[in-house]
Amino acid sequence: MNPRQSKARFVAIMVVAASLSVIVSISILVINHVTPFGNQNLLVGDMGAQYSPFFTYFRHILTTGQFTGFSFSGGIGENIFPLLAYYLLSPFNLIVLLFPANQIPIAITWMLVVKIAAMAMTMSFFLGRHFKKTYLATTNLCGCL
């Protein structure tokens, strides 16, 4: 196989791994009636108590442009920059802009699906580079983990 075909196969296997993980993730969401395919959601524990309000605030900042470095929403006030740095600076979080504020749980679900696809793709990339071979079986491993 020439290098061009090898690279195309490598990219194809990464895309198949990501696609397979999306199919598996969506199937699990459908079977368990999780939003947007049902009335259950993933807002359990910290996801509902912390992340949902953080993403709502993040969406508000991005849509209105009203950002202050200090917030009085927590106790006597707090610096907002650590919150942004730790929780909200992932590029995947921009998905919240595609949904209205009242549909943040659905946005969180799609963020998780996209993150899982990215993990499958990067794991496939790593395995292909580390072992210097591309196997179709890699897609099963990366897509279903």
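1. F125 is partly exposed at 35%.

2. Please keep in mind that this is a predicted model, where local features need pLDDT of at least 70, side-chain atom pairs count only at pLDDT 80 or more, and totals for chains, interfaces and linings use all residues. Residues are numbered from 1 along each chain as its sequence is written, and side-chain values use heavy atoms, leaving out hydrogens and water.

3. There are six aromatic pairs in the structure; rings of Phe, Tyr and Trp (its six-membered ring) pair if their centres lie within 6.5 Å, with planes under 30 degrees apart stacked, over 60 edge-to-face and the rest tilted. One of them joins F10 and F125 in a tilted arrangement, 5.6 Å centre to centre with 55° between the planes. This pair links distant parts of the chain, 115 residues apart: F10 sits in helix α1 (residues 3-31) and F125 in helix α4 (residues 104-131). Helices here are DSSP runs (H or I, at least four residues), numbered from the N terminus.

4. Y51 and Y87 pair edge-to-face, at 5.2 Å centre to centre and 80° between the planes. Y51 belongs to helix α2 (residues 46-64) and Y87 to helix α3 (residues 81-88), 36 residues apart. Y51 is partly exposed, at 27% relative accessibility. Ring pairs also connect Y51, F54, F55, Y86 and Y87 into a cluster.

5. F55 deserves a look too: leaving aside residues up to four places away in sequence, F55 touches L88, N93, V96, I104, I108 and M111 (contact means heavy atoms within 4.5 Å).

Key. Helices (H or I, at least four residues) and strands (E, at least two) are DSSP runs, numbered from the N terminus. Buried means under 20% relative accessible area, exposed over 50%, partly exposed in between (1.4 Å probe, protein chains only).
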